[in-house]
Amino acid sequence: MNVAETGRGDGVKKRRRGLKGRRRERMRRGRAGRKEGERKEGMMSERIASCGSLYDSTNLLLQYCNNDDTVSASSNMDVEDRVSHLEQRLQLQEDEIQLLKAALADALRRLGYCEEQSLGMQPGGVHAPGRRSLASTAPAPPTKVRQLLQALPSRPLSNGYVQQKRLLSSPSSPKKEVLQSIKRKSMSTERLTLVRREMGAESRSRTTSSSSSSGGKSRSKECTLNAEDGYVRMFLRGRPVTMHIPDQQRESYSLDQKVALPDRKLKLQWVYGYRGRDCRSNLYLLPTGEIVYFNASVVVLYNTEEQQQRHYLGHNDDVKCLSVHPDMVTIATGQVAGNSKDGKLLAPHVRVWDSVSLNTLHVLGMGVFDRAVTCVTFSKSNGGTFLCAVDDANDHILSVWNWQKEKQVADVKCSNDSVLAAVFHPMDANLIVTCGKSHINFWTMEGTTLTKRQGLFEKHEKPKYVLCVAFAENGDAITGDSSGNIYVWAKGGNRITHQVSGAHEGGIFSVCVLKDGTLVSGGGKDRKVVLWNHDYRKQAEMEVGELLGPVRALAEGKPGELFVGTTKNAIIRAAFPDTLTPIVQGHTDELWGLDVHPSMEQFVTCSQDKQVHLWDTNSHQPLWSKTIEDPGRSAGFHPSGAVLAVGTMTGRWLVLDTDTRDLVSMHTDGNEIISNVKYSPDGNFLAVASHDNFVYIYAVTENGRKYSRVGKCTGHSSFVTHLDWSSDSQFLVTNSGDYEILFWEASSGKHVTNMDTVRNQEWATSTCTLSFNTFGVWPDGADGTDINAVCRSHDGSLLTSADDFGKVHLFAFPCSQPRATSHEYGGHSSHVTNVAFLHDNSHLISTGGKDTSILQWVVA
């Protein structure tokens, strides 16, 4: 007996003990209780009698129940005792009847499906249980099974498994099914299996369980093969999903077959973008000529001269801060807390690593930090022995570590308000300066104690935020604040000795002291980079373009050169008086839209930041960028590559010229998210999938420049998530948010109801997450939203998937075995939203959602 069954047994015993404890109270009910019992028995008999041909199965179950609570008719107990026993019996049987009703409902629905087939009805596609296609024209004639269904629960039995991880993102998505009656303590999984076996609903099916997991949960992990009818059925959140096997594989297909790992693997080659939108002091130049910064969970070392990147991949969630040791080789990076695939907490911590070998040297603070490490810095004057870090907890704990010994030296509550920077004084290893909301504090460390002195603004304007701090050659601290002022704080003191009022219009996000002692400041609102001499007089200034955004970080490059990080996730190589060259660009809001050029090494992305970028995979730069009116969600190239379509979050979709980025056409279908736009292989049709549950089909002429609507696919009961075209451009297959698989005629949008029509179709792409050739990507316990995208390589040998846990997986194709094995790759820190192989299969592109990153992988 497994753990879950033991739990149920204990529950029954406790319930019986409780019933006996209330025996005296029930005895007082007397004849009224007996009448109530007789009434309930009558009702129960009526329900069971109504089940017609299933009576034998019901009787079998009731016999099973009655054996546990037999009451002898010849007992010498008085009438009250008999009534009490009868009530006990009825109480237990009521619980079991609830479970029985759910089991019968499931069986009756299965029988109803068979009855429809026997009457010559061919249900199209795969529907959620109990739901018929909206495209069906004639209602089914009333049957005995349908009449019985009306008196039974409206929800199907979900194999005893309730996945409560998350709701689907669309308002039209299915709600969580909370099947409380199924989890009654009085009936074990073994009894439920017995009832199902007696009903014979799956007598022809061969069942393979994924594991020996206990309780009801294992039921939803099963896949069933119906060899006679030629389909495989899997379950997502308790819902059956049926996939039809091509005729040529029906004889040889087996659920037991093992699929080997693919021969080829992925290697991260390039990270597009930079995290400047919400992080600070995260851009530095190393002696190797590489600039170091981070995006998502990857720390990037980018040699701008050789156009090469190296990557430190030790983190498993968002990196939030970075510091370079005085030896200019050792680097420390801190990350946020996260959650793993199995729900376990990924603790925030600091990793100290070697920038030459990329090996991790030390890991600090596991179990010490709370939410995230937002600031980290090495000491300067004592050879970098100490490292200080600030936790993003409510108290913003400042801690000092001997990082080589992985030992915490001191810690103290820093501030109730946000802390934006923490820096060791370059001449005093025991002095730390922190700044943030409404404060600048000077901390002195003595042994294990940190003592605070608050910075005094006195007659000077006290800003809402002190945003950044750096140190002059003589040891003075220099701060920039949200009011646009630069203040100089004398070495060792906590008072202002010099000010530059109105140095910038708006906040100053970064100040950097150059090797020659001059100062550079970077503005937010005014987007200006200003050079100041030793006396804090302005020498020169230049302005960053609006598309690249306000200044976030500054780092000195080669003599006369600067690197500027911006809040719009770009990095610029700059030189006074006015040289500004973008070297890194990226999106700034959630990213979903991705497609690859049909014949060139290019790809397009669109994001909720209203930007569309056409990227070159060799230069790693956008060939062009275009701002659109609405947040972007999906993109697709015409087979000729001459135009591309972009779907938005508002129901509008537009067509852009690939060469000139000019607007070719604009249309609106509904007012919800356009989740997919995809041209047919012959280029004569465009399918526009929407969250309003419809797919709109357009005829395309003049090489992608003229569009006219020819069909509307009506039949899904939830938002459309994915679609694929057949190789001959005659048919479409779609997936939806409630796990339906439907097929359509392209020319008319008519719902295809005969599976033999599409069973053997060849599909031009495999991007549907639910299909016979891709269902193996789903892991154990998946809730239906864990896999966001899949893509087949153009040579048909590989399949890649994007999941909700920041992972990219590489499978062999076809992937038609349950829980297929794969190579797994990290790098994204958010849900991976999309994946696509380049036209020659040489590279894979993956996009992150909230992390806004684009990763380019070599397929080798």
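Modeller: Start at Pro779, which sits in the loop between helix H9 (755-758) and strand E51 (787-792). Bear in mind that this is a predicted model.

Biologist: What is Pro779 in contact with, beyond its neighbours within four places in sequence?

Modeller: Lys341, Ile787 and Arg819. Contact here requires heavy atoms within 4.5 Å.

Biologist: Now Pro246. Where is it, and why is Pro246 called buried?

Modeller: Pro246 is in the loop between strand E4 (239-244) and helix H8 (247-250). Its relative accessibility is 14%. Buried means under 20%, so Pro246 counts as buried.

Biologist: Which residues does Pro246 touch, leaving aside those within four places in sequence?

Modeller: Arg759, Asn760 and Phe772. Val758 is 512 residues from Pro246 along the chain, yet their C-alpha atoms are separated by 9.0 Å. One of those partners, Arg759, also belongs to a salt-bridge network with Asp247, Arg250 and Asp756.

Biologist: How do you know that Arg275 and Asp278 form a salt bridge?

Modeller: Their side chains meet at 2.8 Å, N to O. The cut-off is 4 Å, so the pair qualifies. Side chains of opposite charge can pair when their charged atoms come close.

Biologist: What makes Arg573 and Glu305 a salt bridge?

Modeller: The closest N and O atoms are 3.9 Å apart, and the limit is 4 Å. This pair links distant parts of the chain, 268 residues apart: Arg573 in strand E34 (residues 571-575), Glu305 in the loop between strands E8 (298-303) and E9 (308-312). Arg573 is buried at 18%. Glu305 reaches 51% and is therefore exposed, the threshold being over 50%.

Biologist: What about Lys850 and Glu590?

Modeller: Their closest N and O atoms are 3.3 Å apart, and they form a salt bridge. Lys850 and Glu590 are 260 residues apart, each in a loop between two strands. Glu590 is buried, at 12%. The structure holds 24 salt bridges.

Biologist: Why is Gln335 called buried?

Modeller: Its relative accessible area is 0%. The label needs under 20%, so Gln335 is buried. Gln335 lies in strand E11 (residues 330-335).

Biologist: What makes the meeting of Gln335 and Asn316 a polar contact?

Modeller: Their side chains are joined at 2.7 Å, and the limit is 3.5 Å. Not counting residues up to four places away, Gln335 touches others too, including His315, Lys320, Pro348 and Val373.

How values were computed:
Residues numbered from 1 in each chain as written. Predicted model: local features only at pLDDT ≥ 70, side-chain atom pairs only at ≥ 80, totals over all residues. Heavy atoms only, no water. Helix = DSSP H or I, 4+ residues; strand = E, 2+ residues; numbered from the N terminus. Buried < 20%, exposed > 50% of the residue type's maximum accessible area, 1.4 Å probe, protein only. Polar contact = N/O pair within 3.5 Å; in protein donor to acceptor, adjacent residues only side chain to side chain.
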